[in-house]
Amino acid sequence: MTSNHPKSDQPAKAIHPVAYFLGFFLVFGLVQLAFPAKKADQPVKAPAQAAATAESAQAARPAPTPVSPTAQLLLEAARAVPPTPPKPDPQPLVAKAPAPAPVPAPAAQPAPAPEAAKAPPAPAFPKAVLSASGEPDYGKALWNPLHFKPAIDTATNDQCLACHQEVLEPSVRAASPAGVKSADTLAWYQTLDTYIGAQDSFHRRHLSTPMAERLMNLQCNFCHQGSNPREEAPVPPTATNAGYTLRKQVNPETTCLACHGQFPWQNMEGLPGPWHEARESFESADAPNGCLSCHNPEGGFRTERHKVSYLKAEAIEQAATENADTCYGCHGGRAWYRISFPYPRHPWPGMPEDTPDWAKGRPTSSDPRYALPKN
Amino acid sequence: MEEEKKARVQVAVAARKREGYTPVVPDTQLGFVHNNVDCIGCRACEIACKDKNGLPPGPRFRRVMYVEGGRYPEVFAYKVNMSCNHCAEPACLPTCPTGAIFKRTKDGIVDIDSSLCIGCRRCEAACPFGAPQFDPISNTVMKCNLCVDEIDAGRKPYCVMGCMMRVLDVGPIDKIRDGSYATKAVGPGERVVRQVRNMADPELTNPSVAFVAHPKGRVEG
């Protein structure tokens, strides 16, 4: 056999395979000596130097590790929620909600300096909703017992707001996408005297506006009573009514309707029509609130009212003497629903013995859940 | 001139005091009918709706709810399928401060012009059926409008057209309730009800929806 290789006629010099390995490790070692890898235990840099290094590293870093949308929502909420402060007062808290803290560094971003990296992260969420790795776990939060009966019955606003602080943040747009300014809009019910202030979210209207703080004592669990946050079957399955409301986390029939029902003028003798039509004949400059012309101690009708834990009865009575719309506001003036709330019929002095048809079956005392402590 | 302007403003303010609200009474009220028993829960209606409306993950104008219960051997399962019920007297409409929500006189469809929405979310809170859907990206509320463009074109909404079991249909709600509306969603001998178990009281808003209820889901006699 012939070959064109110039040295093909020379005897081949066999190189032992071990020599290849030795050469490879020798070259690898030289590379390691020339370009040592950076390690975590390298000397701590001065703060300025460390910050500069962190900035340059961050600039060169690719996109952060992707997280699920739900985890992203929780992370964003965590950035806006400060650590829950120690509770100084067991009273309802809406006005005492913790003030927004400066937005901390995003949890997904590394700390700028090694010393900070070793510090424990501030607990933004209760441990019960954190995963084993310490990240907010949407599933754990969703299925937390606090969202269901019986725990939700005794849940405090502090507990709810630890994760849902955003409900108290202003969120209404300054203008709609088409340019309708919030400041220029006024709904029909907002023409009542008692409606003041800018357009606001319903959570803030019920919890943190001046009128809410003056007249109401609403707690989160007044509306959120543990109804099903999902749309599927109870777990475990049950043949009984589990207290769930399909596709809705609140049962308006037992909550919203109390202050957003119709004014039942048809049940009231002496009223010729709806209150907004009849009120003028009952009101004067001396007596601006026509409701009190009958509903007073002398008139006798329904003198036991608003004495429940979610309202401030004395403040309401005081406001009623000052403003004609205080009563009507919650008794027809902002009615979303086509029926009235079946208020309990507390007996009053001189109450007729016969119960009218419209009042039959009504309780004669308030829901024990909202009963005030007896002195 | 200033005095005249001031007087005009005072008249305008007085005219805006204590306004009332009168619900729209439509010429015809369209509504949905759903057969809870025969629905297989495939969610094709949900997907058709999301596809038609270009909805991102999260908001769902229509939902199929799985209801299961009982103890062996007496177990049961059925589906309740609900979107906006285009109520006769919707709770969402009077809450809206910008007039974004409206009800059509022609067919009773409750629609929302989300371009007028300022994101106060009152409608979302007031609706007993969870119909208005908040979009956190646009900070506005959206909801089912019964595919009003399809209705105006003489067709049925996407969810109805996507239902492979034909258990979902739309039509004049009074005819659906009295059984005079021809629909495959209601079988021979079946009758429809206004409410199923765990559903909010229909007296609140008179929702334009009817169900063929599962025996375990009935609340009416």
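Let me start with the interface: chain B and chain A bury about 4600 Å² between them, and 53% of that is on carbon and sulfur atoms. On the side of chain B, the residues that lose the most area to chain A are B:Arg18, B:Asn198 and B:Leu204, which together make up 16% of what that side buries. Keep in mind that this is a predicted model.

In terms of contacts, 51 residues of chain A meet 61 residues of chain B.

Next, the polar side of the interface. There are 16 residue pairs in polar contact across it, both residues being at pLDDT 80 or more. The count of salt bridges between the two chains is 2. In one salt bridge, B:Glu89 pairs with A:Arg338, and their closest N and O atoms are 3.5 Å apart.

Which elements of chain B give two or more residues to the side that touches chain A? They are strand 2 (63-71), strand 3 (74-82), helix 3 (92-95) and helix 4 (122-126). Strand 2 of chain B gives the largest share, 8 residues. By type, the residues on this side of chain B divide into 28 nonpolar, 17 polar and 16 charged.

Now to a helix in chain A. Helix 12, residues 313-322, has A:Ala313, A:Ile316, A:Ala319 and A:Ala320 buried. Why do these buried residues line one face of the helix? Seen down the axis of helix 12 of chain A, they fall within an arc of 125 degrees, so they share one face. As a general point, an α-helix has 3.6 residues a turn, so residues three or four places apart point the same way. The cover over the buried residues of helix 12 includes helix 8 (210-215) and helix 13 (325-333) of chain A.

Note on methods. Residues numbered from 1 in each chain as written. Chains lettered and ligands numbered in written order. Predicted model: local features only at pLDDT ≥ 70, side-chain atom pairs only at ≥ 80, totals over all residues. Heavy atoms only, no water. Contact = heavy atoms within 4.5 Å. Buried area = accessible area lost by both parts, 1.4 Å probe. Salt bridge = Lys/Arg side-chain N within 4 Å of Asp/Glu carboxyl O. Polar contact = N/O pair within 3.5 Å; in protein donor to acceptor, adjacent residues only side chain to side chain. Helix = DSSP H or I, 4+ residues; strand = E, 2+ residues; numbered from the N terminus. Nonpolar A, V, L, I, M, F, W, Y, C, P; charged D, E, K, R; others polar. Buried < 20%, exposed > 50% of the residue type's maximum accessible area, 1.4 Å probe, protein only. Arc of directions from axis to C-beta.
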